[in-house]
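Thanks for asking me to look this over.

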Amino acid sequence: MQIEYLEVGQELEARTLPLLKREQLKEYAEAAGDFNPIHLSDDDAKDIGLPGVIAHGMLTMATTGLLFSPYLDRGFIKCFETRFAGRVFPEDAITIGAKLVDRETIEQGNVYHFEVFANNQDDNLVATGKVAFCVHKSRKAPHQKPGTG
Amino acid sequence: MWEPFVGQRSIPQINRVEPEAVRKYAEAIGDPNPVYLDEEAASNSPHGKLIAPPTFPVTFGYGKIEGLKLPGKGLIHGSETFDYERPLFVGEEVSCYTIFKDFNERKGKNGTLSFLVFERVGEDIGGNRIFTTNETFIVTERVRESMEEGSDADRVFRGWPRA
């Protein structure tokens, strides 16, 4: 379903991601420059009472944003809000979803407001939040009436 | 430990959105979108050029707040928000700083929790704002005590807390 055709209350198709691997935590640590040992070493994670390494919160947030990646050829994420609700561990299968709750027209284009979530395989919420996705006004039709896109 | 720093702001630091860093980051989050990586695809998009993933500003330096310390491990990330005025473009230079916005404590069932709120700002070289972030970090009583005893490997705050 294309964002532009969604009605308020409708959802983007939920997506279950491949199992999270330890290698991805290492790769993310390097890419983000975040080498906090609780994401890389079980011993360090256990030191602070965790059962083992957990995923970076920011990796979980970035993962939630994947649902909007297919629309980046026509717009951008204007606002992205996440509350971290639960821990994510290696071998977790995360499902991401989004529901359209509002839309508005601003100077840059049409903004679609979503509530987003990420669950693990046990249906426990690991993150919840909001995304405002702005679809640019068409450059070919600059005089398009607001609210019709 | 933290109250006196509320309201303090770092000296801005210039960061460049390096294409290679964007590629590495996009791959690490499982999002190799052509608008991040492929110049031709990006130039045909309404952005007109390559953009960076929305959470990419975590890779930037924001300057440090002198004297402010955070736990080396055990910092819990509570929430995070990014607000964009426009997309972040690959290759551009961004002037970044952080403000320690707020500090408060709440009694929980396992002791007192400390809540630290930061705001981060990225501006273009002309001083126009590109993005603003807001994030809350939580420190448990146990972790705070170990910091006060100096037994934790405390880190000097250098911008983006590593949680």
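Predicted model: local features only at pLDDT ≥ 70, side-chain atom pairs only at ≥ 80, totals over all residues.

**Notes on the two-chain model**

1. Over all chains, a search of the whole structure turns up 14 salt bridges, and a few of them are worth a visit.

2. In chain A, have a look at Asp42(A) and Arg22(A), which form a salt bridge whose closest N and O atoms are 2.9 Å apart. This pair links distant parts of the chain, with Asp42(A) in helix α2 of chain A and Arg22(A) in helix α1 of chain A, 20 residues apart. Asp42(A) counts as partly exposed because its relative accessibility is 27%. Arg22(A), at 41% relative accessibility, is partly exposed as well.

3. Chain B has a salt bridge between the side chains of Arg144(B) and Glu105(B), at 2.7 Å from N to O. Here too distant parts of the chain are linked: Arg144(B) belongs to helix α4 (residues 141–148) of chain B and Glu105(B) to strand β4 (residues 93–108) of chain B, 39 residues apart. Are the two partners buried or exposed? Arg144(B) has a relative accessible area of 12%, so it is buried. Glu105(B), by contrast, comes out at 42% relative accessibility and counts as partly exposed.

4. A further salt bridge in chain B brings together the side chains of Arg120(B) and Glu135(B), 2.5 Å from N to O. Because Arg120(B) sits in strand β5 (residues 111–123) of chain B and Glu135(B) in strand β6 (residues 129–139) of chain B, the pair ties together parts that are 15 residues apart in sequence. Both Arg120(B) and Glu135(B) are buried.

5. Now to the place where the chains meet. In the model, 38 residues of chain A are in contact with 38 residues of chain B. Between them the two chains bury about 3,200 Å², with 55% of it on carbon and sulfur atoms. How many salt bridges are there between chain A and chain B? The count is zero. Polar contacts do occur, though: the rule finds 13 residue pairs across the interface, both residues of each being at pLDDT 80 or more.

6. Which elements of chain A give two or more residues to the side that touches chain B? They are α1 (22–32), α2 (42–47), α3 (57–64) and β2 (75–84) of chain A. The most comes from β2(A), with ten residues. Sorted by class, this side of chain A has 17 nonpolar, ten polar and eleven charged residues.

7. Five bridges join it to strand β3 (residues 75–84) of chain B, and the two strands run antiparallel. To find the pairing on screen, you could go to Thr82(A), whose bridge partner in β3(B) is Glu80(B).

8. Back within chain A, there is a run of antiparallel strands to trace. β3(A) and β4(A) are joined by eleven bridges in the antiparallel sense, and they form a hairpin with two residues between them. Leu100(A) stands opposite Phe114(A) of β4(A). On to the next strand: β4(A) pairs antiparallel with β5 (residues 125–136) of chain A over eleven bridges, where His113(A) has Ala132(A) as its bridge partner in β5(A).

9. β4(A) and β5(A) form a hairpin too, with five residues between them. In its turn, Asp123(A) has a positive phi of about 65 degrees. As for strand β4 (residues 109–119) of chain A itself, eight of its eleven residues are buried, leaving the strand mostly covered.

10. Ala93(A) is placed in the loop between β2 and β3 (95–106) of chain A. Why does Ala93(A) count as buried? Its relative accessibility is 15%, and the cut-off for buried is under 20%. Leaving aside neighbours within four places in sequence, Ala93(A) is in contact with Thr16(A), Leu17(A), Leu19(A), Asn119(A), Asn120(A) and Gln121(A). The C-alpha atoms of Ala93(A) and Phe114(A) are separated by 22 Å, the two residues being 21 residues apart along the chain.

Methods: Residues numbered from 1 in each chain as written. Chains lettered and ligands numbered in written order. Heavy atoms only, no water. Contact = heavy atoms within 4.5 Å. Buried area = accessible area lost by both parts, 1.4 Å probe. Salt bridge = Lys/Arg side-chain N within 4 Å of Asp/Glu carboxyl O. Polar contact = N/O pair within 3.5 Å; in protein donor to acceptor, adjacent residues only side chain to side chain. Helix = DSSP H or I, 4+ residues; strand = E, 2+ residues; numbered from the N terminus. Nonpolar A, V, L, I, M, F, W, Y, C, P; charged D, E, K, R; others polar. Pairing = 2+ DSSP bridges. Buried < 20%, exposed > 50% of the residue type's maximum accessible area, 1.4 Å probe, protein only.
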